[in-house]
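Q: Before we look at any details, could you walk me through how the features of a model such as this one are to be read?

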Amino acid sequence: MNVSPLAERQPVRTLLFTLAGPVAAGACLGLPFGAAELISRSACVPVIFLAVALVTVPALYVVSALSSAAPPAQVVLQSAGAALEDTSVVLLSLAPALAFLVGTSVDPEAATRFGVPAMLLATVLGLRSLYQRLYADRQKRPLLSFTLWACLFLGLCGRMLALILSDH
Amino acid sequence: MSTARELLNVEPLSGAGPLGTVDQLLRDRPGFLERIATERDLASTARALILTIAVSAAIFGATIGAYRGGTQILFAALKLPLVVLLTAGITCPVLTGLSRVLARDAERSSLQQDLALILSALALGAIVIASLSPLVLLVMSSGAGYHTVILVVVACCAAGGLASAGLFVRGLLRRSGKGHLVSGALVLVLFAIVGAQLTWTLRPYLVRPRATEVPFVRALEGGFFDAVHRSSASSRGVFFRDEAPLPEEQR
């Protein structure tokens, strides 16, 4: 349940699939500003997700362990990978709509106006998926500490995203 | 002695190609939704539904184009099906993507099922608005003003939209798990946003009879939400230009 069947068979393809959604979302954010900005944001958005996950997932494991609710470390890592994959699925499915809305608007702020809520939705659904993978089968479910951790994750992602969006 | 019911009892068309699909969609919607749920003959069903949307929306488009007449009849008949079908094409992957994340393995729907459900909802709405075309013609022929006709057209589209939304929700309720309802709600919101933008992009549809030139689409002047943003800013006294251009300046 914690690992997608694709990840078990083809880890490289899984990694590419996990990055595809954030790359597509970044491309949509850079669409009104030319090719250079499009490529730049396509690269930055997946890096943001991976970097924040890398920094915060260990903290999640520690907090869960302190509340006696932590699954094994490998399960935490695999669940985080699967949750990133779910976030990517949502972003990939939203990408055509996002590209259309941004591409047909003359206001450059449309990229932020539509892109940020889409990324927020995808991230929240990914976090929900992570919570279910980690704690669905366990007796103790630390909802409060997970929520606080999720707010930290969202805050860091939002802060880094604001930095790249304010560049233009 | 044969009763009136026996005399009037006609065999259903179900199974007789596109007409059978439309017949079942109108007269046996639970059976139609069951057909989608069991993934029975989805490819031919989808083709029939796309044809239904194209024809029905073209009929309504031609009707509203008739207000101005001439080439606008053809333009509106071409653009309205495009709006409906392109919006469906853009939003369908979202339903599948969200249900993959929100629903459990056993409850997930396939892209083909989601596409068939969305197309069936839109086909029903398109049939409803096509059936309301005579009402629009009556209003036009009674000498109603431009804005009155606009309001009647909006009301007809609202009726079609309600029919579509109703079938869509019924199709989602057949699926087990709350995840499908959440993804359906998000898709409805996205459909409204994308549909509004696409409709705005491909305008005009109802053109005033005194208009001398009728473009197929206007130049990209911004989106629907840009226009809403400008209007709300203007209402607060924030303007982005010195004055609105006069009609003769726009020619």
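A: Let us begin with the term for the elements: a helix is a DSSP run of H or I with at least four residues, numbered from the N terminus. In this predicted model, Thr96(B) belongs to helix H5 of chain B, which covers residues 71–102.

Q: Is Thr96(B) buried or exposed?

A: The label buried is given under 20% relative accessible area. Thr96(B) has a relative accessible area of 17%, so this residue counts as buried. Leaving aside residues up to four places away in sequence, Thr96(B) touches Ser109(B), Ser110(B), Leu111(B) and Asp114(B).

Q: How many helices and strands does each chain have, and in what order do the elements of each chain run?

A: Chain A has six helices and zero strands, and its pattern along the sequence is α-α-α-α-α-α. With a radius of gyration of 16 Å, close to the 15 Å that the globule rule gives for 168 residues, chain A is as compact as a globular protein of that length. Taken along the principal axes, the C-alpha atoms of chain A fill a box of roughly 50 × 35 × 20 Å. Chain B comes to eleven helices and zero strands, which from the N terminus on read α-α-α-α-α-α-α-α-α-α-α.

Q: What share of the residues counts as buried in each chain, and what share of the contacts joins residues at least 24 apart?

A: In chain A, 47% of the 168 residues count as buried, and 75% of the contacts between residues at least 6 apart in sequence join residues at least 24 apart. For chain B, 43% of the 251 residues count as buried, while 70% of the contacts between residues at least 6 apart join residues at least 24 apart. As for the surface, chain A exposes about 8,000 Å², with carbon and sulfur atoms supplying 70% of it, and chain B exposes about 13,500 Å², with carbon and sulfur atoms supplying 64% of it.

Q: What is the area buried between chain A and chain B?

A: The size of an interface is often given as the accessible area lost when the parts come together. Here the area buried between chain A and chain B is about 1,800 Å², and carbon and sulfur atoms give 71% of it. On the side of chain A, the residues that lose the most area to chain B are Ser93(A), Phe100(A) and Thr104(A), which together account for 26% of what that side buries. The contact takes 21 residues from chain A and 21 residues from chain B.

Q: Where does Ser40(A) lie, and how far apart in space are Ser40(A) and Ala27(A)?

A: Ser40(A) lies in helix H3 of chain A, residues 35–66, and is partly exposed, with a relative accessible area of 31%. Ser40(A) and Ala27(A) are 13 residues apart in sequence, and their C-alpha atoms are 8.3 Å apart in space.

Methods: Residues numbered from 1 in each chain as written. Chains lettered and ligands numbered in written order. Predicted model: local features only at pLDDT ≥ 70, side-chain atom pairs only at ≥ 80, totals over all residues. Heavy atoms only, no water. Helix = DSSP H or I, 4+ residues; strand = E, 2+ residues; numbered from the N terminus. Rg over C-alpha atoms; globule rule 2.2 N^0.38 Å. Buried < 20%, exposed > 50% of the residue type's maximum accessible area, 1.4 Å probe, protein only. Contact = heavy atoms within 4.5 Å. Areas by Shrake-Rupley, 256 points an atom, 1.4 Å probe, with all protein chains shown as cover. Buried area = accessible area lost by both parts, 1.4 Å probe.
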